[in-house]
Amino acid sequence: MMSALKNLALLDARLIDPVAGTETRGGVLIENGQIKDVGANVTRANVGSGTDVIDCKGDVVSPGLIDMRASEHRETIASVSRAALAGGVTSVCVAPDSSPVRDTTALVDFFVRRARDNDSVRLYSIAALTKGLAGKEIGEMGLLSRAGAIGFGNGSVSVRDAQVMRRAMTYAGDFDALVMHFVQDPDLAATGVMNEGEFASRLGLMGVPREAEVIMLDRDLRLAAMTGARYHAELISTTLSMDAMVKARANGLKVSCGVSINHLTLNENDIGDYRTFLKLMPPLRHEEERLALVEGINSGAIDVIVSDHCGQDVEDKRVPFAEAEAGAVGLETLLPAALRLVHAGQVSLPKLLRAMTSRPAEILGLPQGRLAKGAPADLIRFDPDEPFVVDPSKLHSQCRNTPFDEARLQGVVQLAMVAGKVLHG
Amino acid sequence: MAATRATTSFPHRHLLGIAGLSRPEIEYLLDTADEAVEVSRQIEKKRTVLSGRTQINLFFEASTRTQSSFELAGKRLGADVMNMAVANSSVKKGETLIDTAVTLNAMRPDLIIVRHHCSGAVELLSKKVSCSVVNAGDGSHEHPTQALLDALTIRRRKGKIEGLTIAICGDVAHSRVARSNMILLTQLGARVRVVAPSTLLPAGIERMGVEVFRDFNKGIAGADIVMMLRLQRERMDGAYVPSLKEYAHFHGLTEEKLIAMAPEALVMHPGPINRGVEIDSSVADGSRSLINEQVEMGVAVRMAVLEALSKNLPNG
């Protein structure tokens with residue numbers, strides 16, 4: 001049921017161009033789902049009378065956010081889409097760790113069809129790098145790419161066997177497929193439930209050392225150099241990892257990395273008295289690490305910010321910390337939580353948005369995520385200063401396990417559109 | 001047929017590989033094999049060039065066509081041929097390769113044909129015996145008589161090898177057939193391509209005198225010969241390639257791909273074939289398949305090799 005969309009103009013906005021890193025006053029003219037024009041010359045006087053206009057009253061207009069890591073665990077396509085839109089996320093890469101694991105062409109094809117019929121945010125399938133995410137046999141990367149998989153990941157488990165990882169990366173190269181990996185040595189992290197260090201020791205909890213992450217990452221980067229594969233470390237949480245990425249990039253490798261919004265805005269002390277909603281993998285780290293990661297967004301050492309959205313049933317969190325499931329919902333709070341860094345004066349708005357729009361688009365080879373003529377009109381409008389208190393009962397997600405429970409955040413998404421179609425606001 | 005070549009044109013005691021053979025030596029073997037083809041097509045196939053000689057076929061790896069081909073070749077030239085059944089032998093009781101070699105050598109054979117799963121094993125054995133040794137396949141290293149029979153098949157069909165474009169497709173990494181063919185065919189002036197997923201290409205292949213393709217269709221485009229390799233089943237379940245289905249889809253030779261990309265090409269396969277995996281039945285059994293011809297040429301080439309080596313034996 002397609003109806004011809006009328007031209008639409010967003011006027012009098014703070015336009016954030018994440019590619020140029022600029023902030024200007026102006027408007028965006030949208031035609032046939034694409035950005036027809038953008039800039040100071042898009043004014044009420046210049047757009048035709050047949051164009052619908054929205055006066056943004058000085059609110060920010062930027063490309064919609066692209067989230068490279070969200071899980072549909074305990075969610076549905078619909079609930080993920082609603083949560084994403086409320087958080088200004090217009091493209092979501094959905095991890096393969098669904099049940100059943102998305103490791104066959106039939107399942108990827110089914111996902112692609114559901115995503116197409118979703119009539120909401122754009123959903124992309126990350127398919128399984130190894131069958132069943134078991135780390136033993138490489139996935140059908142050729143056929144799965146043909147079926148529409150945008151990248152290959154292994155959920156929240158690292159491929160332990162270096163030979164399997166080597167072959168997976170070698171094979172991926174034949175299809176120019178993006179290998180995305182959760183990096184944490186499963187043996188070093190086996191018993192750990194939070195960051196290793198003084199705080200864990202005081203709480204009497206077993207720790208996951210920072211080295212668990214960088215050892216796996218170092219291995220992967222060596223394999224990336226050996227195989228020439230396109231490689232993306234999905235979540236890094238330490239300066240050790242950041243330094244390894246900087247070095248690898250300086251050596252010309254086609255590698256990138258992401259950080260979760262949680263690791264940019266929270267630290268291990270937020271766990272307080274065993275708050276299980278803050279049990280994450282990788283674990284929240286020391287405040288010094290967090291500050292360094294924020295600086296990594298500024299310097300470009302870290303490419304993208306992800307929600308790492310992972311819904312958990314309350315019953316899986318209302319247990320002793322060591323026994324609780326890891327993970328937090330994050331789609332809906334991605335933008336306002338990230339804006340904390342802007343309000344704290346740590347990151348400029350264009351740099352922050354680059355890590356959630358144009359940079360993920362480049363890594364994934366997507367045309368959206370840019371405020372440029374001809375780009376798909378996936379846009380959001382938000383007031384970065386509008387305050388609110390996170391009320392878990394009002395979240396659009398099926399799950400309520402937010403680490404920002406009762407937090408005071410700023411930045412409310414007024415409008416979200418995909419391909420020129422307003423879906424939220 | 002020996003009288004016309006009184007001077008030795010094949011001055012080697014063993015045939016351990018194609019590497020090290022000169023172009024005239026290879027062509028000498030192919031010329032001799034051409035004559036052996038005619039011999040084998042007669043009712044009276046028996047010759048006496050190996051009369052009184054003893055040939056032992058020592059196969060540490062299972063083989064049907066190569067072993068029977070060597071057996072027939074030896075018998076047609078008049079040799080006494082013995083097949084060692086390694087499965088029931090002292091090898092199974094823990095005897096080392098060298099001990100086996102020394103023991104067999106004491107029985108005074110003239111020719112030992114050896115297949116072994118370890119690269120280099122045949123050469124090791126050859127140093128411990130006083131007779132001639134023929135490599136019938138060592139690990140992933142060489143299978144010289146297969147390359148010779150492939151060359152003979154091509155030369156008889158195309159009239160030449162020089163200048164032909166020959167695509168070797170499949171599990172190059174583990175294939176002794178690919179290695180011997182790469183050396184032999186480039187030596188004879190062919191343009192050799194190897195076509196495989198990256199996981200089935202050995203390291204450094206780019207520096208081995210061949211063009212490398214990861215895309216099957218591009219790799220066979222315009223080829224004169226498409227030579228398919230067997231993919232072992234244990235390598236297609238996620239270890240080297242994700243699955244049989246994916247391998248067949250991207251790297252299997254089908255009628256459609258052949259017509260679209262290499263309409264003039266002749267198709268070869270060293271056998272045994274995996275129907276529906278690396279090659280579709282319609283291609284394997286089709287008019288452009290040389291697979292059965294390769295088997296016939298196998299006997300002829302082995303006759304030529306045995307005859308050439310016998311001339312260098314004591315009293316030869």
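The legends below describe close-up views of salt bridges and strands in a predicted model.

Residues are numbered from 1 along each chain as its sequence is written, chains are lettered from A and ligands numbered from 1 in the order in which they are written, and side-chain values use heavy atoms, with hydrogens and water left out.

**View 1. Two salt bridges of chain A, Glu31(A) with Lys36(A) and Glu198(A) with Arg202(A).** A salt bridge is a side-chain nitrogen of Lys or Arg within 4 Å of a carboxyl oxygen of Asp or Glu, and the structure holds 44 of them over all chains. Between Glu31(A) and Lys36(A) the closest N and O atoms are 3.4 Å apart. Glu31(A) is partly exposed at 26% relative accessibility, and Lys36(A) is likewise partly exposed, at 44% (buried means under 20% relative accessible area, exposed over 50%, and partly exposed in between, with a 1.4 Å probe and protein chains only). The side chains of Glu198(A) and Arg202(A) meet at 2.7 Å, N to O. These two residues lie four residues apart in helix H5 (residues 198-203) of chain A, and so are separated by about one helical turn; helices (H or I, at least four residues) and strands (E, at least two) are DSSP runs, numbered from the N terminus. Glu198(A) is exposed, with a relative accessible area of 54%, and Arg202(A) is exposed at 64%.

View 2. Lys75(B) is partly exposed, with 34% relative accessibility.

**View 3. Strand S3 of chain B, with its pairing to S1(B) and S4(B).** Strand S3 (residues 111-116) is mostly covered, six of its six residues being buried. In a regular strand the side chains alternate between the two faces of the sheet. Leu111(B), Ile113(B) and Arg115(B) point one way from S3(B), while Ile112(B), Val114(B) and His116(B) point the other way. Strand S1 (residues 54-59) of chain B runs parallel to S3(B) and is joined to S3(B) by five bridges (two strands pair if DSSP finds at least two bridges between them), with Ile112(B) as the bridge partner of Ile56(B). Strand S4 (residues 132-138) of chain B also pairs with S3(B) in the parallel sense, over five bridges, and here Ile113(B) stands opposite Val134(B).

**View 4. An open sheet of five strands in chain B.** The strand order is S7-S6-S5-S8-S9, with parallel pairing. Strand S7 (211-213) and strand S9 (266-268) stand at the edges with a single partner strand each, so one side of each is left without a neighbour in the sheet. Strand S6 (residues 191-195) runs parallel to S7(B) and is joined to S7(B) by three bridges, and Arg193(B) stands opposite Glu211(B) in S7(B).

Note on methods: This is a predicted model: local features need pLDDT of at least 70, side-chain atom pairs count only at pLDDT 80 or more; totals for chains, interfaces and linings use all residues.
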